[in-house]
Amino acid sequence: MSKHVTAPALAVDVRELLQKPGAHKHVVVRAPLDDLATPVAWVPGDRPVTVDAEIESVVEGLLVTGTVRATAVVRCARCLREFDQELEVEVRELFSLERSPADDEDEGYAVLPDDRLPLDTMARDALVLGFPAAPLHDPDCQGLCPVCGADRNTGDCGHGGPETIDPRWAGLAGLRTTLQEEDDARPQA
Ligand SMILES: [Zn+2]
Ligand SMILES: [Zn+2]
């Protein structure tokens, strides 16, 4: 998991909830987060991330339930063009009251020494999991030509139909070309 525990951008004062099981409050916090990126999607540093959540004091700690929202830039898996996509990811996380959790995995999921709850790690983890695995700018995206790299959404480069996009069929396409050439029975120039 991420290790961004210094100077949280999304921190909430929870002093009134500590050691009071049953107490709760609703918070909406919004701030940009750094390093929020994968190879296919990212949230630029000038775009805020919003956490809208109910924080409930329970015996084990603080339970945060709500949503994390942001507008990500994602890259089409076929034609590589970039486009915006709204993300809204549901979260439900238990934060420990221990000041320095022994377990590394809890880092970022614990109340800070100054009684603030840092929501950065939760928001970052939720958004990265919410990033689309293979985004398409359009369900019918024609992709890039495997021969010349042209964007097939913007025109025909003359290298055959969209069926040759999928590399799994490349062998079959080559076989068909060979058969056609034999059919033609004409010497190639
Ligand atoms: Zn595309
Ligand atoms: Zn081409």
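Colleague: Cys76, is that one buried or exposed?
Modeller: Buried, with a relative accessible area of 1%. Bear in mind that this is a predicted model.

Colleague: OK. And what are the protein donors of the zinc ion (ligand 1)?
Modeller: Cys76, Cys79 and Cys141 each give their SG, and His137 gives its ND1. These donors lie 2.0 to 2.3 Å from the zinc ion.

Colleague: How are those donor residues spaced in sequence?
Modeller: The spacing is C-x2-C-x57-H-x3-C. Cys76 is in the loop between β5 (61-75) and β6 (82-96), while Cys141 is in the loop between α1 (120-130) and α2 (170-184), so this pair ties together parts that are 65 residues apart in sequence.

Colleague: Is Cys141 buried or exposed?
Modeller: Cys141 is buried, at a relative accessible area of 4%.

Colleague: What's the geometry at the site of ligand 1?
Modeller: Tetrahedral, with angles of 105 to 117 degrees among the four donor atoms.

Colleague: Now the other zinc, ligand 2. Which residues are its protein donors?
Modeller: Cys145, Cys148 and Cys157 through SG, plus His159 through ND1, lying 2.0 to 2.3 Å from the zinc ion. Along the chain they follow the spacing C-x2-C-x8-C-x1-H.

Colleague: Where do Cys145 and Cys157 lie?
Modeller: Cys145 is in the loop between α1 and α2, and Cys157 is in the loop between α1 and α2 too, so that pair ties together parts twelve residues apart in sequence.

Colleague: Why is the arrangement around ligand 2 called tetrahedral?
Modeller: Because its four donor atoms subtend angles of 105 to 112 degrees, and four donors count as tetrahedral if all angles lie between 85 and 135 degrees.

Colleague: And what about accessibility for Cys145 and Cys157?
Modeller: Cys145 is buried, with a relative accessible area of 4%. Cys157 counts as partly exposed, at 28% relative accessibility.

Colleague: Switching topic: how many aromatic pairs does the structure hold?
Modeller: One. The rings of Phe95 and Tyr109 have centres 5.5 Å apart and planes at 50 degrees, so the pair is tilted.

Colleague: Where do Phe95 and Tyr109 lie in the chain?
Modeller: Phe95 is in strand β6 and Tyr109 is in the loop between β6 and β7 (116-118). They are 14 residues apart, and the pair links distant parts of the chain. As for burial, Phe95 is buried at 0% relative accessible area, and Tyr109 is buried at 11%.

Colleague: Let's do the largest nonpolar core. Which residues touch the most other members?
Modeller: Val49 and Leu119, out of 39 residues in that core. β2 (24-31), β4 (49-58), β5, β6 and α1 each supply at least two residues, and the largest share, six residues, comes from β5.

Colleague: What is Leu119 in contact with, leaving aside its neighbours within four places in sequence?
Modeller: Leu10, Val12, Val29, Val51, Val64 and Phe95. That last one is the Phe95 whose ring pairs with Tyr109.

Technical notes
Residues are numbered from 1 along each chain as its sequence is written. Chains are lettered from A and ligands numbered from 1 in the order in which they are written. This is a predicted model: local features need pLDDT of at least 70, side-chain atom pairs count only at pLDDT 80 or more; totals for chains, interfaces and linings use all residues. Side-chain values use heavy atoms; hydrogens and water are left out. Donors are N, O and S atoms within 2.8 Å of the metal (3.2 Å for Na, K and Ca); water is not among the atoms, so sites may look incomplete. Four donors count as tetrahedral if all angles lie between 85 and 135 degrees; four count as square planar and six as octahedral if opposite donors are over 155 degrees apart and all others between 65 and 115; anything else is irregular. Helices (H or I, at least four residues) and strands (E, at least two) are DSSP runs, numbered from the N terminus. Buried means under 20% relative accessible area, exposed over 50%, partly exposed in between (1.4 Å probe, protein chains only). Rings of Phe, Tyr and Trp (its six-membered ring) pair if their centres lie within 6.5 Å; planes under 30 degrees apart count as stacked, over 60 as edge-to-face and the rest as tilted. A nonpolar core is a set of buried Ala, Val, Leu, Ile, Met, Phe, Trp, Tyr and Cys residues joined through side-chain atoms within 4.5 Å. Contact means heavy atoms within 4.5 Å.
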